[in-house]
Amino acid sequence: RHEKSMLFHSTPVKPESLEDLWENLSLKPASTPQVNISDSLSRRVINEVWQEQTIARLLQLVDLPLLESLLEHQEIRPQLPQPRKGTGSVITSNYLDREILKAFSDSQTDEWLSAAIDCLEYLPDHMVVDISRNLPDQPDKADTWKLLLFENIGRYYGQKKEPLLSHASEIHSGIAELLVNGKMEQSLEAVQLYLKLLDSQVREEFRRLLYFMAVAAHNSELKLQKESDNRMVVKRTFSKAIINNKTLSRGKTDLLILFLVDHQKDVLKIPGTLHKMVSNKLVALQKGQDPSKITGYTFCQKLDEREYRSNTEKTTKDELLSLLKAIDEDSKLSDKERKRLLGQFHSSNPSIFMQYFGDRVTNMCV
């Protein structure tokens with residue numbers, strides 16, 4: 001199970017390397033060439049950089065205006081359900097049922113069962129008790145129990161009022177459009193960035209549910225419904241628990257849900273582009289550089305003041321020459337109107353006028 005869980009968090013940067021950064025708040029420049037970010041940046045600063053760069057890159061990919069709902073997404077989510085014990089050393093029956101199910105899962109090599117039982121942590125006690133009391137005592141009853149698991153998990157999430165992916169619902173349309181246009185790589189990165197913004201507890205619940213959905217959808221040995229493909233049954237059962245966006249058409253919602261299921265092993269990874277953006281900004285902050293000048297991923301080339309002035313002068317000159325040429329070659333202008341326009345141009349930009357006409361300037365009546 002540990003190996004399976006690592007699939008969802010595979011990343012070029014080791015998690016413990018970030019833990020080392022979360023110690024002090026000082027933003028003084030490093031005194032040595034060897035950069036040690038843990039000596040200068042706090043957990044708060046690092047978290048803010050991650051969120052800022054994730055949003056910046058996401059908005060570039062989905063081509064949407066800045067979303068206040070993303071910036072303001074600081075909702076407090078409920079904590080993961082914890083096994084409940086009675087007063088003192090008395091252990092409740094509900095707690096025992098959950099422990100029995102965990103022990104049963106640990107003893108199995110069946111990926112389907114393991115994924116399903118991991119989801120039971122979010123189900124209410126009475127449903128867990130019912131499932132626990134129906135544990136199969138014979139191998140030939142295992143499929144019946146699996147169907148009971150699927151039915152109960154599906155019933156719980158079918159009644160869930162708020163979908164797991166309810167934050168910044170405007171982004172759903174942007175990602176769906178990428179899928180419709182066949183831009184699969186951009187779609188995957190956009191989904192990864194969007195899910196990176198999830199609250200940690202919701203992210204974990206979503207990870208477990210999506211893992212179970214993927215296993216159930218692609219398992220051909222257990223038929224969930226006689227007349228339907230497993231993939232379609234999973235989509236119908238859990239769609240509203242994942243995305244319930246009234247502004248998104250049913251077709252696009254289905255497309256997005258199936259994309260999540262089919263790419264379950266990759267959607268919770270962190271894109272390499274984001275790692276680079278965050279790393280560059282954190283190092284720059286540690287060196288004491290101006291945060292407003294650290295833009296991360298950009299589509300333009302930065303210029304210093306000298307280059308900017310040079311480019312400005314050249315661009316202005318080229319445009320003026322283009323204007324003068326248009327006046328000179330416009331056959332629709334009368335001789336009188338052309339002379340008037342050329343006279344105005346000469347009086348305001350004589351050097352460009354001389355450059356354009358060259359030897360012909362003596363023949364020009366201005």
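Okay, T253: you'll find this residue in helix α13, which runs over residues 250-262. Is T253 buried or exposed? Buried, since its relative accessibility comes out at 8%, and the cut-off for buried is under 20%. As for what T253 touches, once you set aside the neighbours within four places in sequence, you get S239, I243 and L248. Keep in mind that this is a predicted model.

Let me zoom out for a second. We're looking at a chain of 366 residues, and 41% of them are buried. On secondary structure, the count is 17 helices and zero strands. If you take the contacts with a separation of 6 or more, 68% of them link residues 24 or more positions apart. And for the surface, the chain exposes about 21700 Å², with carbon and sulfur atoms supplying 51% of that.

Two packed helices are described by the angle between their axes and the distance between the axes. The crossing of α6 over α8 is left-handed. Who's making that contact? On the α6 side, it's W112, L113, A116, I117 and C119, and on the α8 side you've got W145, K146, L149, F150 and I153. Sort those by class and you have nine nonpolar residues, no polar ones and one charged.

Now for a second pair, towards the end of the chain numbering. How do α15 and α17 cross? Well, α15 covers residues 305-329 and α17 covers residues 350-357, and their axes come within 10 Å and cross at roughly 60°. That makes α15 oblique to α17. The crossing is a right-handed one. From α15 we have K317, L320, L321, L324, K325, D328 and E329, and they meet I352, F353, Q355, Y356 and F357 of α17. By class, that contact has seven nonpolar residues, one polar and four charged.

Let me stay with K325 for a moment, which lies in α15. K325 has a relative accessible area of 42%, so we call it partly exposed. Across the pair, the C-alpha atoms of K325 and F353 are separated by 10.0 Å, and those two residues are 28 apart along the chain.

Then there's R338, which belongs to α16, residues 335-348. Where does R338 fall, buried or exposed? It's buried, with a relative accessible area of 15%. If you leave out residues up to four places away in sequence, R338 touches I327, D328, D330, S331 and L333. Take D328 out of that set: R338 and D328 are 10 residues apart in sequence, and C-alpha to C-alpha they're 7.2 Å apart in space. And D328, you'll remember, is one of the α15 residues that meet α17.

Last stop, α9, which is residues 170-180. Which residues of α9 are buried? That would be I171, H172, G174, I175, A176, L178 and L179. When you look at that list, recall that an α-helix has 3.6 residues a turn, so residues three or four places apart point the same way. And just after α9 there's G182, which takes a positive phi of about 75°.

That's my tour, thanks.

Key
Residues numbered from 1 in each chain as written. Predicted model: local features only at pLDDT ≥ 70, side-chain atom pairs only at ≥ 80, totals over all residues. Heavy atoms only, no water. Helix = DSSP H or I, 4+ residues; strand = E, 2+ residues; numbered from the N terminus. Buried < 20%, exposed > 50% of the residue type's maximum accessible area, 1.4 Å probe, protein only. Contact = heavy atoms within 4.5 Å. Areas by Shrake-Rupley, 256 points an atom, 1.4 Å probe, with all protein chains shown as cover. Axes fitted to C-alpha atoms, helices over the stretch in contact; angles between N-to-C directions. Parallel < 35°, antiparallel > 145°, perpendicular 65-115°, else oblique. Left-handed = near helix turned anticlockwise from the far one by under 90°. Nonpolar A, V, L, I, M, F, W, Y, C, P; charged D, E, K, R; others polar.
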